[in-house]
Amino acid sequence: MNNFNSRLALNPWLSLPSHQKSVAVVNTPVNCGFQIRICTVSDLTSIAQIIAESFHSRDGIWGWAFPLLRLGIYEDLKHRLATSAPHHVCLVAVDTSTKASLDLVATVELSVRLGDAWTYAGTRKSYAYLSNLAVHPQYRRQGAARALLTSCEKVASDWGFQDLYLHVLENNHQARQLYFKLGYRMHQIDSNWNTFFFRRSRQILLYKHLLDY
């Protein structure tokens with residue numbers, strides 16, 4: 001843990017609510033153009049917008065439901081931040097460039113879940129799980145997702161985990177390319193009734209073995 005903290009000289013320990021464990025957020029390279037920090041309550045509206053635009057469409061017959069989906073995302077995240085377990089953090093990427101058109105441009109959540117059949121061969125071992133990685137459309141393919149992933153990997157390692165898991169849709173080729181480039185590997189392909197009856201894309205469970213930070 002001392003080696004991990006020594007890399008954070010430019011970033012103080014940031015405290016979550018009292019029921020959560022403090023986490024150190026890695027300092028991103030200057031040329032990255034993004035600052036990674038823990039989200040605040042004032043970020044929730046922007047986070048909900050980014051996640052909604054990343055995972056739901058405004059077009060088609062379900063376009064009318066977009067505001068409701070966005071509100072649901074807002075309320076779910078607000079609830080998680082207020083009642084989450086000790087190992088849970090929502091990080092955001094902030095554009096620090098002088099020409100920034102937006103402040104908050106990307107987000108991700110990191111939590112600890114209890115294992116089931118697809119993680120540890122049926123044992124009840126806990127594991128680090130990454131979810132809701134989303135980048136504003138104007139900022140995709142500019143390094144924000146990579147910066148958030150790097151920070152999550154360092155936090156998960158600091159929590160004592162050797163592996164980090166995440167799901168990605170089989171048809172999300174850009175995201176899969178990024179994950180594979182950063183060292184994630186396929187654990188298995190998940191299928192459920194939505195896949196068969198609604199012809200939705202399957203989810204792929206990926207994992208990365210974390211090196212010592």
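Buried residues have under 20% relative accessible area, exposed ones over 50%, and partly exposed ones fall in between (1.4 Å probe, protein chains only). By that cut-off, Tyr179 and Tyr184 are both buried. This is a predicted model, in which local features need pLDDT of at least 70 and side-chain atom pairs count only at pLDDT 80 or more, while totals for chains, interfaces and linings use all residues. Residues are numbered from 1 along each chain as its sequence is written, and side-chain values use heavy atoms, with hydrogens and water left out.

**Aromatic pairs**

- A pair of aromatic rings is described by the distance of the centres and the angle of the planes.
- Rings of Phe, Tyr and Trp (its six-membered ring) pair if their centres lie within 6.5 Å; planes under 30 degrees apart count as stacked, over 60 as edge-to-face and the rest as tilted.
- The count by this rule is five aromatic pairs.
- One of them joins Tyr165 and Tyr207, which is tilted, at 6.2 Å centre to centre and 35° between the planes.
- Tyr165 sits in strand β5 (residues 163–169) and Tyr207 in strand β7 (residues 203–209), so this pair links parts 42 residues apart in sequence.
- Tyr165 is buried at 5% relative accessibility, whereas Tyr207 is partly exposed at 28%.
- Tyr179 and Tyr184 have ring centres 5.7 Å apart and planes at 65°, so their pair is edge-to-face.
- Tyr127, Tyr129, Tyr165 and Tyr207 make up one aromatic cluster.

**Strands**

- Strands (E, at least two residues) and helices (H or I, at least four) are DSSP runs, numbered from the N terminus.
- In strand β3 (residues 104–114), eight of the eleven residues are buried, so the rest of the structure largely encloses it.
- Two strands pair if DSSP finds at least two bridges between them.
- β3 pairs with strand β2 (residues 88–95) in the antiparallel sense, over seven bridges.
- Within that topic, Val94 has Leu104 of β3 as its bridge partner.
- β3 also pairs with strand β4 (residues 126–135), again antiparallel, over eight bridges.
- Opposite Arg113 stands Tyr127 in β4, and Tyr127 also belongs to the aromatic cluster.

**Nonpolar surface patch**

- Nonpolar side chains (Val, Leu, Ile, Met, Phe, Trp, Tyr) are joined within 5 Å, and like charges within 9 Å.
- Accessible areas come from the Shrake-Rupley method with a 1.4 Å probe; for residues, only the protein chains shown count as cover.
- Ile61, Trp62, Trp64 and Leu68 make a nonpolar patch of about 570 Å².
- Trp64 lies in the loop between α2 (44–55) and α3 (66–83) and is exposed, at 57% relative accessibility.

Terms used. Patch = residues over 30% accessible without salt bridge, like charges linked within 9 Å, V, L, I, M, F, W, Y side chains within 5 Å. Salt bridge = Lys/Arg side-chain N within 4 Å of Asp/Glu carboxyl O.
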